[in-house]
Structures are given as structure tokens and as C-alpha cells.
Amino acid sequence: MSDSLASFAALFRAVLILHGKEAPVAKPDCVRATVQLLKLDSQPFERIFEFRAAGTLPATEKEANEIFAAYMTQVEGVIEVVDELNNKV
């Protein structure tokens, strides 16, 4: 999740620019700006940032699966927004 979030941060930067927003340089700030713009649930992203900063993993497989499911739901929300932009062009 941590590695993919770094990759998604680059894509989120493009989403911000497409919405006419200035994209922060730092990946966490870029993710947070996208979360705010699209009114996403920040918790899965913040949990992943916490694990990354601490160099830890979720305590259980169940916790990891729950975070991953919530994370993917939020990523899907970003994808839907990008798809809608494509339909407007």
C-alpha cells in the first residue's frame, strides 16, 4: 500500500492540476489536497502514511485487509472523477 500510495500521489497531482489547483510538491501534501478537493475519506491514506513513517505494518492481516479495502474505495473515487472529466472533454 505504501509503495502504491507514492505512485498514486503523482497521479493525484495531475488531478489537482486538471481542476485548476496548485499541486503541492510533497507527496503527502498532494494526497491531502486531493482528498480535500474531492471530499474523500482521509483515514486510509493517513493510516498508510503513519505505517510508512514508523516503518511498521498493520498489526493483523484483518487490519491490513480493512485498510486496503478502504484505501481502494477512495482510489476508485478518484478514478470516477477522472472518468467524468474525460466525458466533459
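Author: Buried means under 20% relative accessible area, exposed over 50%, and partly exposed in between, with a 1.4 Å probe and protein chains only. The model is predicted, so local features need pLDDT of at least 70 and side-chain atom pairs 80 or more, while totals for chains, interfaces and linings use all residues. Residues are numbered from 1 along each chain as its sequence is written, and side-chain values use heavy atoms, without hydrogens and water.

Reader: Why is phenylalanine 45 called buried?

Author: Its relative accessible area is 1%, and the cut-off is under 20%; therefore phenylalanine 45 is buried. Phenylalanine 12, at 2%, is buried as well.

Reader: What makes phenylalanine 12 and phenylalanine 45 an aromatic pair, and which kind is it?

Author: Rings of Phe, Tyr and Trp (its six-membered ring) pair if their centres lie within 6.5 Å; planes under 30 degrees apart are stacked, over 60 edge-to-face, and the rest tilted. Here the centres are 6.1 Å apart and the planes 80 degrees, so the pair is edge-to-face. This pair links helix α1 to helix α3, across 33 residues of the chain.

Reader: Is phenylalanine 68 buried, exposed or partly exposed?

Author: Phenylalanine 68 has a relative accessible area of 40%, so it is partly exposed, whereas tyrosine 71, at 0%, is buried.

Note on methods
Helices (H or I, at least four residues) and strands (E, at least two) are DSSP runs, numbered from the N terminus.
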